[in-house]
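Please look at the sequence and the 3D structure together before reading on. The paragraphs below go through some parts of it.

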Amino acid sequence: ARFHGNRRWEPVGPRPPLAAMFADRTAAGAAVESLWRSARSARCEAKSCQTGKILTAEAAVQSHSSRDAGVQTDQSKDAVQDFQQEVQVDYASLLSFLQRVEDAVIKELNKNWESHAFDGFEVNWTDQNETVLCLHTLSYPEAQDQNLQVTSVSWNATGSVVACSYGRLDGGDWSTEKSYVCTWNLHRRGLNPQRPDLVVDVPSSVMCLAFHPSQPSLIAGGLFSGELVVWDTSRTEDPVTWRTGMTDDTHTDPVYQVNWLPAAKHRNHNRLLSVSTDGKILVWREERDGRLALAEGFAVVAQQVPRSAQLKKFTWGEAAVGVTSLSFSHFDPHVFVVGVEGGYSLKCSTAAETLALHRTGSSVPLRAPAELAFSPQGGPVYSVSCSPFHRQVLNLFLSCGTDGQVHLHSMLQTQPLLSLQLSKKYLFCVRWSPVRPLVFAAASGEGDVHLFDFEKSSQKPALSIKQAAGEHPVYCVEFNTKQTRLLAAGDAAGAVRVWQLSSDFTEQGPREMNHLEQLASEITD
């Protein structure tokens, strides 16, 4: 193009056609290689996409009520007829068979009718470990902190309150160590096993307890110091009601058992009986000034113990014989049995008139009660228990002690009817059941409570239950005479366990009253 001054330019040469300038044309496509994909392939990476975490739950739906329903189709008359046609009975052969066996069957039925082999038999589908349940484990932590032991347990007149005494039956300074009497009402709402309803502080070790037989709030205790004390549990401020104090009449050794005795003339007034290893058995009466005064007494002196062939090896003289336990006959109010440290039992009588050869001073004359000495055991006798069921013909009682055996005696002979080895250590207590003539319980030094049932076996316990972990001795055991399925046991660890017995140990079978007499007669023969 050329320019001519102010003139517009013009192209030089021919002008191309307009169509040639804007013609359609297809160009090759452009490609860009992906570096990300190739890099990922080289590393063999895998990517995924996941939604948020899904929460799941399982639930079951159960209606509040249920019903069982059965559906039975109606049987057609044709099916019944077909079934009846299939059953064909050869009545002639059946009659012939029954005639042949008639005499034998009638003979066996008569024998079964007269037999007593299955009297009182009840099928027990429960496991042995389920027959006894521990309802409560009671304790007083302050006493346990002092390593005190449960020396005695007792149920009150209603059977709803259990009491225990704390003290020591092994080493330690018994005379000056503080001890306790504790009670729990098992029917109280909100019962705290480690918080007794009542705690009585006692300046001397309490060796034994006994609730009053008809007044639920009165409880008597014997102390290591030789004293007797009566507490009224309804008086929380000053529960001490009567006490012996320290006089010339007071025991000089620990009191190991105390019993309430009904007064013969005054039914509303009771007397207390106490036994001690000083050899004295004393009866106390209540005075208005809060004192327990000595009413009468007995003394067991070696020289006045009836001699027998079995006791010749013992030294005889005027020495006192230490009494450890006592049990009255349930049929003769004058007859009682005592266990002594010398290793034998004595049959005694409150009607004895012979004066005891006892040198120590006493406000009343002491009498010699012993009438019969039973054959000696292998060590001191710790507990005796007269049967509350047997007829007066046999006068049976149980005894136990350091030889680990329970001995079944009849008051009619010196030799035991039966001796049962229940423990390799001591047996501290034995109690006859108040509702089953063939059942008794024994407390062992190995920490077991043995339940014996002569109906099941005359050689081994029907059940042995562990009182506590380890081998803490069980010192005392008591049946509840009102709530007969309850049994209380106290141990050296300071605990009282309340056991619930099964009906096997509490329901008396037919003619059970005669079984023990039959057993005793068989042993005697």
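What follows is a walk through a helix, some strands, a loop and the cysteines.

The model is predicted, so local features need pLDDT of at least 70, side-chain atom pairs count only at pLDDT 80 or more, and totals for chains, interfaces and linings use all residues. Residues are numbered from 1 along each chain as its sequence is written, and side-chain values use heavy atoms, with hydrogens and water left out.

Helices (H or I, at least four residues) and strands (E, at least two) are DSSP runs, numbered from the N terminus. Start with helix H4, which covers residues 91-114 and has 24 residues. From its first C-alpha to its last, H4 reaches 33 Å, close to the 34 Å expected at 1.5 Å a residue. The expected span is 1.5 Å times one less than the number of residues in the helix. H4 has a kink of about 50°, centred on valine 101. The bend at a residue is the angle between axes fitted to the seven residues ending there and the seven starting there.

Next comes the loop between helix H5 (141-145) and strand E4 (149-155), where asparagine 147 is found. Most residues other than glycine have a negative phi. The phi of asparagine 147 is near 60°, a positive value. This asparagine is exposed, with a relative accessible area of 55%. Buried means under 20% relative accessible area, exposed over 50%, and partly exposed in between (1.4 Å probe, protein chains only).

Further along is strand E10 (residues 228-232), and 5 of its 5 residues are buried. Leu228, Val230 and Asp232 point one way from E10, while Val229 and Trp231 point the other way. Two strands pair if DSSP finds at least two bridges between them. Strand E9 (residues 218-223) is joined to E10 by 5 bridges, and the two run antiparallel. Within this pairing, alanine 220 has valine 230 as its bridge partner. E9 and E10 form a hairpin with 4 residues between them, and glycine 226 in the turn has a positive phi of about 100°. E10 is also joined to strand E11 (residues 240-243), by 3 bridges, again antiparallel. There, valine 229 stands opposite arginine 243.

How many disulfides are there? A disulfide is a covalent bond between the sulfur atoms of two cysteines. Here it is taken as a pair of cysteine sulfur atoms within 2.5 Å, and the count comes to 0. For cysteine 400, the closest cysteine sulfur is in cysteine 429, 6.5 Å away, which is too far for a bond. Cysteine 400 is buried at 0% relative accessibility, and cysteine 386 is buried at 4%.
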